[in-house]
Structure formats: C-alpha cells, structure tokens
Amino acid sequence: MVSRLVLGCGSVGRTLVSELADRPGTVLVCCADEHRIETLRSDRVTARLADPTDPETLEEVERPVDIVVVAADDPATNRVAAELAREHYPDAFVLAYVGEEPAVETRLQIESIVDRLVDREATVASDLVERIGEASMRPRRLRRVLRSIDGSLAVVTHDNPDPDAIASALALCKVARTVGREAEICYFGEITHQENRALINVLDVELHELEPGDIDDYGGIALVDHSRPGVNDQLPENTPVDVLIDHHPPRAPVEARFVDLRSDVGATSTLLVEYLRQLGIEIDETVATALLYGIRVDTDDFRREASTVDFDAAAYLLPFTDESVLERIATPSMSAETLETMARAITNREVRGSVLVSHIEELHERDALAQSADQLLDIEGVRTTLVYGIIDGTVYCSGRTRGATLDIGETLRDAFDQIGSGGGHADMAGAQIPLGLLGENEEAELSSIVHDLIVERFFTAIESRPNARSVGPFADDEDGDADDEESSRD
C-alpha cells in the first residue's frame with residue numbers, strides 16, 4: 001500500500017490532495033494553515049496542524065513514506081520542506097510545487113533536491129498523480145527493503161536455472177550492491193542445458209550451488225523467476241522471503257516484504273530492466289547481454305507472450321550488448337548425450353489425437369525434458385507435448401503447446417498440484433511429483449505405475465479444460481468419440 005505525505009497545502013496542493021485521496025493508499029497532510037486543515041478534515045482527509053519546515057513534524061510521521069508532495073504556495077517554505085523530505089525519506093519519491101513567483105535561485109535549489117518539480121502552468125493533478133503512482137514507487141520500496149537487510153543477500157533462482165532466472169538474479173545483485181549489500185546468485189540442482197552453461201561461461205557469471213542448511217548463512221532471501229519457497233526450489237516452505245520478483249502467475253497467495261508479480265510481461269528480466277532504469281543504475285555489457293538473452297529465450301525471440309514492455313526493454317538494452325557474445329551463447333554445441341536423450345523421447349512417444357506424451361528412462365539432465373518437449377512439438381499433427389522422467393525420487397515433467405486453444409500451465413496445475421506442483425505459461429510449463437512410497441517398487445513396476453499416473457491425470461486435466469475437443473484425444477475424431485485403439489505408442 002502506497003503511503004503519501006503532503007507538506008504544505010496551498011491552492012495547487014489542495015488540488016493534488018483531492019486526487020490523491022481518491023487513490024489506493026494512505027494520505028497525511030501536514031500544514032500550518034488552520035483553516036485549510038479544518039477544510040481537509042471535513043472532506044475526510046487525514047490532516048495535521050504542523051509546520052512543514054519543522055524537523056519535528058517529519059519525526060512524528062509514521063514510516064515508511066513512499067511519496068512526499070511539497071505543495072505550499074510560498075517558494076521558500078517549499079525549499080526547506082523539500083530539503084527535510086529528502087533528508088528524512090531518502091528512498092521516497094519527492095514531488096514539489098515550485099510556489100508562487102519563485103526567485104530563479106530558489107527554483108534551481110528546489111529542482112536539485114526533488115525527483116519532479118512542477119509549476120502552476122504545468123500542473124494537471126490527475127497527470128501528476130499517475131506519474132507518482134505504483135510504478136514509480138516499486139524501485140524505491142525495493143531499495144528500502146534491500147538496505148534494511150542485515151548481512152548478505154541470497155538471490156535464489158528456481159532449480160536448474162534458465163537464462164531468464166540467471167539474468168534476473170545477476171541484475172538484482174547489482175541493485176543490492178548499489179545500496180551497500182553484498183549479494184550472491186544461488187541455486188539448487190544442476191545447470192545442464194548447453195545454452196545455460198554457455199551463458200554462464202561466456203559472461204563469466206558466478207553462481208553458488210546451495211546445499212541444505214546453506215541458506216542460514218545469509219541475512220536476506222530474494223526469489224527471482226519463481227514465487228514460493230519449496231516449490232521449484234529446495235528451500236524449506238516456511239523460509240521468510242525479503243524480495244520476490246517474478247512474471248509467472250501464482251496459483252496460491254505469496255508472501256514477501258517486497259513483492260512484484262506481473263504476468264503481463266514475457267520475462268522476469270524485463271522487470272529487472274525497469275528497476276535498473278528507474279534507479280539510474282549504469283548497465284554494463286555483461287548485465288545487458290544476460291538480460292537481453294533472458295528476454296529473448298523466455299519470449300521465444302518475441303513470438304511467445306511478448307508485450308510492448310518486453311520490446312521496450314530489449315531496445316533499451318541493445319546498445320549495451322555485444323552481438324558476437326549473444327551469438328556465442330545462442331549457438332552452443334550440443335552433447336551426444338543430449339541428442340541420445342532426445343532420441344529416446346522420440347522413440348517412446350505416445351500420441352492421442354493432437355497430444356503427445358513421452359518418457360525418458362535414465363534421465364540425467366532435466367533440461368533434456370524441455371528440449372525434447374520443444375522438438376516433439378514439431379511432429380506433424382502434434383499441438384501439445386508432455387515429456388517426463390525421474391531423477392532422485394522425483395518425476396519431472398515439461399509441457400509445451402502451440403496455439404491458443406489450451407493453457408498448458410493451468411492444465412499441469414490441474415493435473416498435478418494435488419500430488420506435487422505444476423504450472424507455468426499458457427504455452428510452456430512444468431511439473432514435479434515426488435515419488436514417495438511409490439519409489440519402493442521394482443524398477444519395471446515403478447515405470448508402469450508412473451506412466452499410468454502421468455497419462456491418466458494429464459489427459460483427465462486436458463478433457464476438463466475448455467475447448468477440450470479441439471486439443472485433446474478427441475482432436476482428430478470428427479464425431480467426438482475417443483477410440484483408444486487409435487492411440488499409438490511407438
């Protein structure tokens with residue numbers, strides 16, 4: 001919730017207060033004009049009779065304050081109030097009205113202190129309120145939370161991090177260091193995908209692989225590109241989170257001291273570009289290249305769930321990046337083992353209508369699931385794929401779909417949330433199911449049990465979704481009657 005403090009309330013200030021009072025958040029007006037205070041209170045605006053140029057006035061205001069509006073009619077009063085506001089609330093957005101007929105020197109003094117200076121001719125209340133709304137406050141609240149952390153910050157990606165997660169963590173570490181906090185990119189699992197390894201190696205990005213208990217060594221925790229501890233990472237579920245930045249829509253409520261969840265952008269890297277820009281942090285070639293690659297990968301080169309904000313972020317980053325480095329990251333060599341894994345996925349495929357399910361025995365790299373799911377989507381007549389495999393007592397699934405008729409993220413949530421976790425984007429998603437007691441079965445029996453479980457729950461979830469007959473096992477059957485005998489398992 002945005003907290004706003006108004007210091008002084010002249011004629012322009014009264015107009016701004018009227019606009020602010022109608023917006024979400026709290027408003028407190030401190031003004032030395034007793035008549036104006038009574039008028040504000042009669043309009044149900046919280047107002048306090050106090051001198052806006054007195055330091056004690058600001059000391060008595062409950063913190064934190066996100067926005068300070070300096071709006072007396074007297075330029076000298078506004079200059080002193082602006083100085084006090086900047087001193088007491090270094091992370092707040094400070095907007096100041098220059099006052100009536102200011103001296104040139106006074107105007108320049110105020111302008112050097114505040115984030116935005118306005119005069120009567122330029123004042124349009126609704127426009128100014130929009131400019132100091134939620135979007136302007138996020139970077140300052142983030143910086144305030146980071147500054148309050150006692151010790152180093154662990155920026156935790158999801159397991160087996162992809163380019164978007166790595167780039168976002170790299171950028172957040174940079175933001176943390178600007179407020180004097182050490183920060184480290186942390187992850188569980190392995191980094192096996194050749195493009196992910198290339199990103200780390202070519203850009204020389206340092207990451208710390210976490211072991212159980214390591215997280216206790218940090219003073220703060222940030223999650224990037226995922227939103228719940230214990231889901232797609234190996235943190236304890238009750239781990240307190242300080243910062244959370246993600247672009248995936250969560251299915252359950254999430255908690256953190258600072259939360260930025262925006263599913264209307266295509267990549268978490270896009271959100272981090274916004275923070276770097278608004279906080280005026282210089283972007284070096286390494287960070288810019290990583291962020292641009294993160295956006296490209298998560299939007300499939302701007303063909304998947306890309307928004308105008310993603311394009312704008314990419315355009316901003318481009319002058320800072322090295323195109324030859326991007327090319328080296330995007331075209332790494334593929335290991336023979338990865339090719340063999342993908343070949344097994346092709347061999348084990350089972351197709352029902354336009355939906356393909358496959359499994360990989362002896363899975364060693366989780367990233368091979370995603371690569372296989374992508375490749376199998378190119379088979380003629382296939383519009384949805386799900387590839388799964390087992391590693392260390394957990395079934396991992398990767399799903400893809402083409403076209404707008406099925407939301408694969410919601411489908412995997414419906415299918416597997418009751419026995420594990422699942423979710424993601426409309427066209428790209430994943431799931432994890434712990435085997436538990438099932439893992440005590442013989443290998444051959446376990447394989448059969450897992451296959452039946454995955455297939456049954458997946459197709460049941462598909463058939464319960466809207467437009468099921470255009471995407472599920474009925475897709476190629478004009479009469480709408482599924483014929484199990486027509487299913488093929490090659």
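In this predicted model, the largest nonpolar core holds 52 residues, and those touching the most other members are Leu-146, Val-155, Leu-172, Val-243 and Leu-291. Helix α8, spanning residues 163–178, supplies nine residues, the largest share of this core.

Turning to the strands, six of them form an open sheet with parallel pairing, in the order β9-β8-β7-β10-β11-β12. The edges are taken by β9 (208–209) and β12 (258–261); each has a single partner strand, so one side of each is left without a neighbour in the sheet. Strands β10 (residues 220–224) and β11 (residues 243–246) run parallel and are joined by three bridges. Within this pairing, Leu-223 has Leu-244 of β11 as its bridge partner.

Helix α8 lies across β7 (153–156), β8 (183–187), β10 and β11, and runs at about 160° to β8. Helix α10 (residues 268–278) lies across β11 and β12, with an angle of about 120° to β11.

Finally, the cysteines deserve a look. The count of disulfides is zero, taking sulfur pairs within 2.5 Å as the criterion. Cys-186 is in no disulfide, as the nearest cysteine sulfur, belonging to Cys-173, is 7.9 Å away. Cys-186 is buried, with a relative accessible area of 0%, and Cys-397 also counts as buried, at 6% relative accessibility.

Conventions:
Residues are numbered from 1 along each chain as its sequence is written. This is a predicted model: local features need pLDDT of at least 70, side-chain atom pairs count only at pLDDT 80 or more; totals for chains, interfaces and linings use all residues. Side-chain values use heavy atoms; hydrogens and water are left out. A nonpolar core is a set of buried Ala, Val, Leu, Ile, Met, Phe, Trp, Tyr and Cys residues joined through side-chain atoms within 4.5 Å. Buried means under 20% relative accessible area, exposed over 50%, partly exposed in between (1.4 Å probe, protein chains only). Helices (H or I, at least four residues) and strands (E, at least two) are DSSP runs, numbered from the N terminus. Two strands pair if DSSP finds at least two bridges between them. Contact means heavy atoms within 4.5 Å. Axes are lines fitted to C-alpha atoms, for helices over the stretch in contact, and angles run from 0 to 180 degrees between N-to-C directions.
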